[in-house]
Every structure is written in C-alpha cells, then in structure tokens.
Amino acid sequence: MQIILRQGRIVDPSQKLNRVVDLGIDEGRVAEIAPRIRKKGRKEIDARGLVVCPGFIDMHVHLREPGREDSETIESGTAAAARGGFTGVACMPNTTPVNDSEAVTSFILERAREVSRISVYPIGAITKGSQGETLAEIGEMYRTGIVAVSDDGHSVQNNQVMRRAMEYSRLFDLPIIDHCEDRDLAAGGCMHEGYYSTLLGLRGINPAAEEMHVVRDCILARQTGARVHIAHISTRRSLESVERAKKEGISITCEATPHHLLLTDAQVTSYDTNFKMHPPLRSQDDVDALVAGLCSGAIDAIATDHAPHNINDKMLEFDRAPFGIVGLETAVSLVLDRFVRTGLIGLERMVELFSTSPARILKLERGTLAVGSWADITVLNCEQAIEVKSSEFLSRSRNTPFDGWRLVGGPAMTIVRGRVVWTV
Amino acid sequence: MASLNQKDLLGIAQLSVEEINLILDTAEALRQVADRPIKKVPTLRGKTVINLFFEPSTRTRSSFELAERRLSADILNFAVSTSSVSKGETLLDTARNLESMAPDVIVVRHSSAGAPHMLGRVCRSSIINAGDGMHEHPTQALLDALTIRQVKGRLEGLKIAIIGDIAHSRVARSDTILFHKAGSQVWVCGPPTLIPWDFDKLGARITGHIEEAIESADVIMMLRVQHERQNEAFFPSTREYYNFYGLTRERMRMARKDTIVMHPGPINRGVEIDSDVADAPYSVILDQVANGVAARMAVLYLLSGNAGLKPRKLAR
C-alpha cells in the first residue's frame with residue numbers, strides 16, 4: 001500500500017464516521033479503512049492524536065494569475081492553500097483577462113498542472129468581461145472544466161441578464177455564485193454603513209445593497225430552477241432570506257468567510273486597510289446571526305475569499321485602498337480555535353463546512369473518504385499552538401487582519417491524490 | 001503650564017473634557033498676543049512645523065500659518081495636489097520624506113478620512129489633523145468652543161443647533177462630539193438624506209425641521225452644502241433647500257434675543273444663510289476666524305515637545 005495513516009481520528013460526515021482507525025491509500029485513492037490494517041505501507045504516517053478529514057476545499061479564492069502576478073500566482077496561491085490545509089481551491093474569474101472563455105480556462109488548468117500540488121477548480125465568468133451585459137461562453141468553459149460561474153467582485157446588476165444566466169446555467173447544472181450587491185445602493189462606500197461609518201467619516205455601504213440582491217436571486221432561482229450559491233454572505237437579513245428560500249425548497253446555498261464570522265465594523269476605527277473588504281465587516285448583530293447560522297446549518301460552507309493585494313496597493317488611504325484580505329493560511333486555525341475549541345460547532349460540522357458541502361455544491365468527486373474515492377485528505381492537529389505570522393505566509397501577499405493572533409489548532413498535513421503535498 | 005500628554009491631535013473623539021479645557025484656557029491666554037504691537041512670542045523658536053495640505057484650503061492654512069509665525073516656529077508649506085489618484089508618490093512615502101527633514105509638528109489636511117491617523121502611526125513628529133475627509137476637523141471645533149465660551153461664558157447646558165449638510169461635514173462631527181462632551185445640548189438639523197445613520201449616538205438630537213432646532217437655541221451653527229463631496233442628489237434643488245433650511249431674518253425672529261449665529265465658512269449667501277443674518281450683530285462669524293489663530297497656537301504649543309511619544313489609541 002502506498003501510504004497508511006495509523007490511528008488517526010477519522011471525521012467524515014459523508015460516512016458518519018468519527019473513530020480512531022487506520023486509513024490506507026493506494027493508487028491515489030482510499031483503499032481501506034480498518035481498526036488495524038495488517039499490511040505495511042510504503043510510507044507509514046503516525047496520526048495518533050491527529051484528526052483525519054476529507055480534503056478541505058476553499059470554494060472562493062483569487063489566484064490573480066493571469067494578470068496580477070505581483071500579488072499572487074497560481075503557484076504561490078496553491079502553495080499557500082496546501083499550507084493552510086486545503087486540497088483544492090475554486091478560483092474566481094476576475095483575472096486580467098477575465099476568465100470568460102475556454103482559452104483562459106485552459107490556461108489556468110494547464111498552469112495548475114505545471115505548478116500546483118493541489119486541485120484547482122476554475123470558476124468562469126457569468127458575462128463577458130464580467131461586464132454584466134452579455135453571457136460569457138459558459139458552455140465552452142464548462143466543457144473545458146469550470147465548476148461554477150460567477151461575476152464575483154461585480155454583481156450582475158441587470159436583472160434580466162441574471163435571469164438568462166440562471167436559465168442557461170441549468171443546461172450544465174452549474175451553480176451560479178453571486179457576489180450580491182446593488183451598485184447604486186452601495187454608492188461607492190468603503191465600509192459598512194452604520195454608527196462606525198458615521199463616526200469615522202467614511203462612506204458607508206448600505207447593507208440593503210447585499211440584501212436586495214439576495215432576495216432577487218431567491219426569486220429568480222425559484223422561477224428558473226437554477227442552483228444559486230450566495231458568496232460571502234454578511235448580514236443577518238441576507239441569511240434570513242436564504243433560510244426562508246431553503247424552506248420553500250429553492251435550490252440555494254451560501255458561504256461565509258472567517259472574517260465576517262469573527263470581526264466587526266468596530267475594528268475599522270484604526271483605519272487599518274487590512275480591515276477593508278468586500279462585503280465590508282458588518283455590525284456585531286450581523287456577526288451574531290452568522291455565527292448562529294454556522295451552528296444551525298443555515299450556512300453551508302466556509303470560504304476565505306482569499307484576495308491577495310501587493311503591499312504597495314494596500315498601504316493607501318482607507319478609501320483609496322483595494323478591498324480584500326488573504327485567508328488561505330489562517331482560515332482553518334481560526335475556525336478550530338474560535339468555533340470548535342469553544343464548543344460552538346463540532347469537528348463533523350467543521351468538515352461539512354470545509355469539505356462535504358463545497359464538494360457537493362461544486363459537484364466535485366471529493367468531500368468523502370469512502371473507500372475508492374480520491375485520497376484528498378486534510379490532517380488537523382487540534383492541540384497545536386500557533387501564532388499567525390504574515391511574514392511566513394507562502395502567499396505573495398501579506399494583507400491579513402489576523403497578524404499576531406495566537407490560536408490553538410491548525411493543519412498538520414495536506415494530502416492530494418495520495419501524495420503528501422505539505423506537512424508541518 | 002501643563003501640556004497635552006499625547007503625540008498627535010487627530011480628533012476631538014480622543015480628547016477628555018480636561019484636555020479640551022486645557023486647550024481652551026491656553027488659547028484664551030495666547031489670544032492676547034494678537035493685541036500686542038509686536039504680535040510674536042518666542043515659544044516655538046527653533047521648532048519646525050510642516051503644513052502638509054493635500055486639499056485646497058485658504059482659511060485653515062492661513063490660520064495655522066499665522067499661528068505658527070506668532071509662535072516663532074520655522075515653517076515649511078507643502079501643497080500637494082491629489083486631484084487624480086495618480087501612480088505618484090504615496091502618502092506614506094511623502095510622510096517618510098518629510099520626516100527626514102526632522103520636523104517637530106506636521107499639520108495635515110487630506111480628503112481621505114484617516115489619513116492623519118496613518119501618518120501618526122509612522123511619523124515621529126506630532127501630527128495635527130487640519131481636516132480629514134468627512135471625519136474630523138478638531139481645531140475648528142476648538143475655535144468654535146472658544147468663541148461660544150467667550151460670548152456665553154460656558155458650554156454646559158447650552159442648546160446648540162447645528163444646521164445643514166451634516167453627512168459631508170467634518171465640522172459637524174467634531175463640533176457635536178466636543179459640545180456633547182462639554183455638556184451642551186446638541187441639536188442637529190438638516191434634510192434626512194444629509195443626516196448619517198446613528199448620528200444621535202455621537203450625542204446629538206436630530207430633527208428635520210429648522211424651527212425645532214432654532215427654538216430656544218443659544219447658538220446656531222450653520223453649515224454649507226458641500227456640493228463637492230456629493231456624487232448624487234440629496235435634495236431636489238438649492239431653491240427648495242433654502243426654503244426649508246436657509247437661515248433667514250424671518251426665522252431668526254423665532255430665535256431667542258441672545259442667540260448667536262456661527263458658520264465655519266466659507267458661507268454661501270442666499271443658500272444656507274441670508275446676508276442680513278450673516279452680517280447681523282448676533283453673528284460671530286468673524287470672531288470665529290480670530291479665535292482660530294488662538295486655538296491653533298494653543299494646540300501647537302501644547303503638542304510641541306511631544307514628538308516621539310507613542311500614538312494614542314483611537315477611542316471607540
């Protein structure tokens with residue numbers, strides 16, 4: 001056998017498994033799960049005290065290549081992902097050029113084959129150039145290998161275009177991932193509109209800008225039958241709308257980012273641009289609602305919205321700096337420390353959020369360690385104390401608000417198709 | 001004399017009532033310099049002050065410059081155009097360059113809220129916020145308080161009505177925070193589209209009706225409509241705005257006899273204030289200008305010598 005992970009606690013909700021066992025890997029796939037595997041592995045890994053999970057998938061990252069290789073490349077971004085415990089990432093199409101054609105999709109996939117040790121799942125644009133006007137060649141990109149469509153960063157403003165996109169995407173059963181924001185209501189703001197935007201004299205982004213598009217998407221998803229996934233949901237009312245739609249049987253899912261679950265708009269008082277993201281950090285009330293949704297199941301997945309920005313771009317005046325922070329190398333530790341350790345969620349739920357659900361939403365043959373499935377595995381050490389040091393990131397960018405945070409728990413090993421691609 | 005135990009003056013929000021009173025008392029003492037035949041004291045001799053203005057400004061910049069000269073500081077004026085977000089030197093690079101000239105104080109005005117805070121973090125020298133975006137304009141609030149104190153003898157218990165474009169005004173924020181801290185009853189008035197969310201949490205009562213604001217007010221502070229900061233329509237027309245929010249002689253009849261009228265300038269006659277009102281005996285607009293120099297002298301004096309202190313954390 002290629003690899004045997006000895007005596008780790010396997011947590012795999014797809015098989016309702018939470019037990020200390022041996023796991024054997026052969027030819028890149030899970031070959032055997034048993035209390036004791038008698039055979040010898042070519043590589044034996046002592047997993048005692050560690051948690052063995054189906055590989056984590058970050059369904060919302062920006063790898064910046066092609067176009068902004070000074071901030072991130074497919075090579076550096078996937079290395080950061082592997083270090084962060086991710087066996088796969090879905091990359092958003094807002095590169096330069098935009099991934100709105102078969103040519104860009106194949107470039108990304110080829111480049112990933114050359115330089116990435118983890119899986120890269122490209123997301124295609126909904127509209128040409130993500131301009132929100134005419135549909136991109138979704139079918140061609142689907143044949144080349146996209147797993148979803150999204151105009152992330154620019155929400156589709158025209159409701160008729162969104163309706164057509166939903167109708168059309170059904171042909172391929174591709175999910176539409178929407179960054180929900182009404183541009184007029186957002187009005188060029190740079191933080192959440194509320195007490196702190198008033199106090200700080202910064203233009204606010206009305207939360208209704210997100211909430212109205214979430215409701216729009218629910219209505220159109222019901223009408224068209226399309227699968228809709230709400231990216232980085234950030235307000236209480238957005239989440240309530242998604243929950244209501246789910247109850248009505250509408251095919252809708254949503255993700256939340258660690259920063260929207262952990263930080264509020266009060267943090268902006270420092271004017272530190274590492275607290276500037278899109279959607280913006282919301283009020284404590286919104287954060288409370290998201291955390292409740294994390295526990296209840298209302299939130300389907302955790303995604304990082306990893307958005308690397310070169311330090312020269314990010315170190316500007318608050319209203320001039322770009323939106324976004326990196327997340328790949330902090331997400332797992334943040335969730336382990338702040339939600340699992342505190343008892344808010346169990347490890348099974350964490351695996352659902354990071355693996356089972358993203359795999360289901362994107363229809364990847366992943367998210368399970370059932371015998372015969374790809375051996376994409378995230379190994380966690382729940383006891384390890386770590387300090388976030390942005391200077392040690394493998395990402396090319398350092399824009400994180402979590403620098404210096406002391407956390408307990410983190411990834412210990414990342415295995416992709418039976419190959420150890422990163423280890424502590 | 002006591003001094004301020006902080007490196008920078010970034011906003012009123014970070015000042016205690018005691019510190020505000022210290023600045024006002026100091027300004028009161030320094031005001032007499034203007035009445036002397038030789039309007040100069042050697043207090044800041046050998047100190048260097050840089051006036052770093054990223055936004056066009058005549059009155060604030062001249063007021064600071066005069067304050068600096070009356071204190072005998074060496075002055076360097078730096079006007080930077082940021083009309084286009086160019087790929088030129090960043091704010092931090094500009095700051096680092098100026099720092100190498102070893103100034104004691106940098107007075108900064110910038111169109112971005114928080115720009116002085118960013119400088120405060122990286123610079124050894126004391127930073128004085130001379131207006132940052134729609135955030136704060138602390139020396140304006142100090143001179144307003146100084147003016148009110150001179151006329152009314154106190155701030156505590158006064159009803160102060162701030163009327164106009166609240167949303168885009170850094171003066172409205174600094175004034176509200178200061179007057180509230182000093183125990184005044186602050187009323188804020190303007191069209192609902194120009195009152196930002198949760199402004200009441202800064203310590204103001206809010207009304208859309210000018211009559212309610214004016215009634216029994218001790219002080220009326222008029223603000224101009226900042227068309228340059230608006231990228232959308234907040235009210236139907238200037239005409240309608242004047243009809244509902246303009247301070248006219250008729251409306252002043254509803255005010256008390258001893259009400260004073262203030263305006264941070266520049267005034268738009270016939271838009272937010274009538275000429276009759278602006279030039280009336282109850283208008284103290286020109287006293288504000290005179291007090292501006294004194295308030296700024298006080299701040300410069302109290303901060304000089306504080307370069308190198310650790311930046312103070314922002315109040316929540």
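Begin by selecting B:W187, whose bridge partner in β7(B) is B:R205. Please bear in mind throughout that this is a predicted model.

Strand β6 of chain B covers residues 185-189 and is joined to β7(B) by four bridges, the two strands running parallel.

Now display the whole sheet. In which order do its strands lie? The order is β7-β6-β5-β8-β9 in chain B, an open sheet of five strands with parallel pairing. Colour β7 (204-207) and β9 (260-262) of chain B: these stand at the edges, and each has a single partner strand, so one side of each lacks a neighbour in the sheet. Looking across the sheet, one finds a twist that averages 20° from one strand to the next.

Then turn to the place where the two chains meet. The size of an interface is often expressed as the accessible area lost when the parts come together. Between chain A and chain B, about 2300 Å² is buried, and carbon and sulfur atoms give 57% of this area. Select A:Y195, A:T198 and A:R320: in chain A, they lose the most area to chain B, together 26% of what that side buries. Select also helix α6 of chain A (residues 195-200), which gives the most to the side touching chain B, with six residues. By class, that side of chain A comprises twelve nonpolar, seven polar and seven charged residues.

Finally, inspect the pairs across the interface of chain A and chain B. Nine residue pairs are in polar contact there, whereas the count of salt bridges is zero.

Conventions: Residues numbered from 1 in each chain as written. Chains lettered and ligands numbered in written order. Predicted model: local features only at pLDDT ≥ 70, side-chain atom pairs only at ≥ 80, totals over all residues. Heavy atoms only, no water. Buried area = accessible area lost by both parts, 1.4 Å probe. Salt bridge = Lys/Arg side-chain N within 4 Å of Asp/Glu carboxyl O. Polar contact = N/O pair within 3.5 Å; in protein donor to acceptor, adjacent residues only side chain to side chain. Nonpolar A, V, L, I, M, F, W, Y, C, P; charged D, E, K, R; others polar. Pairing = 2+ DSSP bridges. Axes fitted to C-alpha atoms, helices over the stretch in contact; angles between N-to-C directions.
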